Amino acid sequence: MRGPFGPVMSKYPSSDGGINGNNDIIKHNRKCKDLVFLVMFIAFWVAMIVNSSIGFNQGNPLRLNYGLDYKGNLCGEKHGDFDLRELELRYWLNPNQVYQTGLKDSKFQLSNARSICLMDCPIPSEDSLDWVCDYPEGDINLSLEHWKDRNYDYFADLTPQLRNTSLKLQGPCYPVIFPSVNVYWTCQFIARASNVSLTHWEEMGGVKVIEDIRIDKSIHRSINSRSSVLKRYVADVGKAWPVLLVCGGFLPLFLSIIWLLMIRHFVAGMPWITLILFNILVISVTMFYYLKAGWIGNDAVSPIIGEHDPYYHVSAREVNHLHAAAVLMTVLMIVAFLCSIAIARRILMATSVLKVAAKVIGEVQALIIFPVIPYTILVIFFMFWLSAGLHIFSSGSVVQNDCGANCCAFDLKSKKLSCNSCCGYNIHYSSHIAASIFFHLFGGYWATQFVIACSSTVIAGSVASYYWARDAEIQILPVFSSMKRLVQYSLGSIALGSLIVSFFESIRYILEAICRKTKQVTSYGHGGSWAGKTVMYCVRCIGWIIRCVNRNAYIMIAITGKGFFKSSEIATELIMSNIVRIGKVNVIGDVILFIGKLCVSLASALFAFLMLDTHKYKSAHNKISSPLFPVLVCWGFGYIVASLFFGVVEMSIDTIILSFCKDSDEHQGNAQYAPPLLIQTLNDQNEMQTLTQHIEE
């Protein structure tokens, strides 16, 4: 009997004008397609390089962690008025100014309070009064190293005039009355003044120092602002680059190759192994989130760096985010367990489908090694992309605030007391930086989709060549032949396809954000509810479009050599015409492959947790604020790498099934080029579906 394939495929005959059902369907004359979009992709990459160059020129990742001192120097940086490489902690010298920033109606910002860069947060002395003085300059004949050795104190060397201004909290020296603790490279005051230090200060005739909880809350509010937290998250990714390289690059590469080899030699047991490992990994990752959130054990993340009073606790947004992540992982763990129970009944169907892919991989063994090429390209790209992203995100210029506040502070360099302005410094981010960041993110996603699409098309072309060639005609290197066809004719179509996928994914993220907003207005009546449902419907439609233009369009590009839109049209017609014939054959196999990708990415996340739990990332300047972002990045990279390698199996199954349908149609229902294993598998599926229908009846 004739299948529904004929009317579709007969519209696209081979180059000789006939439809002979042989390897000519792959080798027929081709022409370059969608060249305009290839030019767009190249132009986009030129713009990406220019955008990244601006970021490298204007950015400094140290700004994501460290603050500015009273001169506008960045703590921890050597390129300033002083070499501050060892002075990474920002400390506010005048506690009364910090108190003023905490007042409800005060216009005085914390960034305008006088701050300095130190190695350690000062602690009041138990039997005397300690001081922290400005950087030595002017008449203060001390080197910066000597100043650090003296614990930043040269009060004893001051003239009577400078001692008097210091007692008025006008510098150059300021008393250490409140203890402070290192919270994310900022010395946060503890609003409990040292009685000994305060007594000495009052005996010396110092001005009244206000003791109030506001000096604690003001700094704490600045540290926990959304912008500060986001900066620390981005900085964590930069600090944890060895973890990203190992757990986001090398580990998923190793695991993916092992999985492919096991599919090749142990296909019968792989679905069960994949399903069991998936549940174990989900539980393990969830437990790590519980550990870091502090709900299990005593290994919760702490915003305090270094040794501190164990009875002193500081809350942080990062801990709250880990709590939310732990709850989300708990929900995912329950859903994963229930889905595993539902899938277990159909494991045999997945096994039979995977046998077909194992047969193809065994015949075209280069398919196992080929993904290493796009993998290498993506590794190099992501190293550049992440580095450029850190610099773009931290680009800006240091400018003095226009605060309009007047206060007095002694300037050692000009040797006079200045009362005109006490405005501090901030990093000014221009309006175009947000657009630059979005452009960089979109470019990274487009480039990733482009590489994955190229890999999928090469695999599809290799498998199609294998199918349509008789045993004596199988090409020696079908993978390289497919790569050659891709480079010569189809790069424009791949650029267009990856652009459409990237564009619709970006739209989907925007619509999901809008949907979350609409949930807040559902209480206003049916209008808000209708708007939310409409947005969700749009999200689902976009998801359906993305699925339609993804793998099957690239398969038809590889087989027919047509442009992206024409290949999408062919693929859509084929899927709709053969939905009953190929639908159930592919669904379970795709689910198992998706779970396999999740296994690789979850293993990457689990090992990232283990690496980040070492002393290197829990202390000193390498301490990360939270494992959340590095783990998520490793999770994402692991999934991308797994997609490259698991794509060998996915594309093999899809390509060979579509080729089988075309073959059987052109030969009156008897596929002449189909491997016996494929015919047996499809027959087994039909028998299983018939049996299932009888049981349900």
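Author: Let's begin with a term: a polar contact is a pair of N or O atoms within 3.5 Å, where, within protein, one must be able to donate a hydrogen and the other to accept it, and residues adjacent in sequence count only if both atoms are side-chain atoms. This is a predicted model, so local features need pLDDT of at least 70 and side-chain atom pairs count only at pLDDT 80 or more, while totals for chains, interfaces and linings use all residues. Residues are numbered from 1 along each chain as its sequence is written, and side-chain values use heavy atoms, leaving out hydrogens and water.

Now for Ser180: its side chain reaches the backbone oxygen of Pro122 at 3.0 Å. Ser180 sits in strand β5 (residues 180–182), strands being DSSP runs of E, at least two residues, and helices runs of H or I, at least four, numbered from the N terminus. With 8% relative accessibility, Ser180 is buried (under 20% relative accessible area; exposed is over 50%, partly exposed in between, with a 1.4 Å probe and protein chains only). Setting aside neighbours within four places in sequence, Ser180 is in contact (heavy atoms within 4.5 Å) with Tyr91, Cys121, Pro122, Cys187, Gln188, Phe189 and Ile190.

For contrast, have a look at Ile377, in helix α15 (residues 372–393). Ile377 is partly exposed, at 46% relative accessible area.
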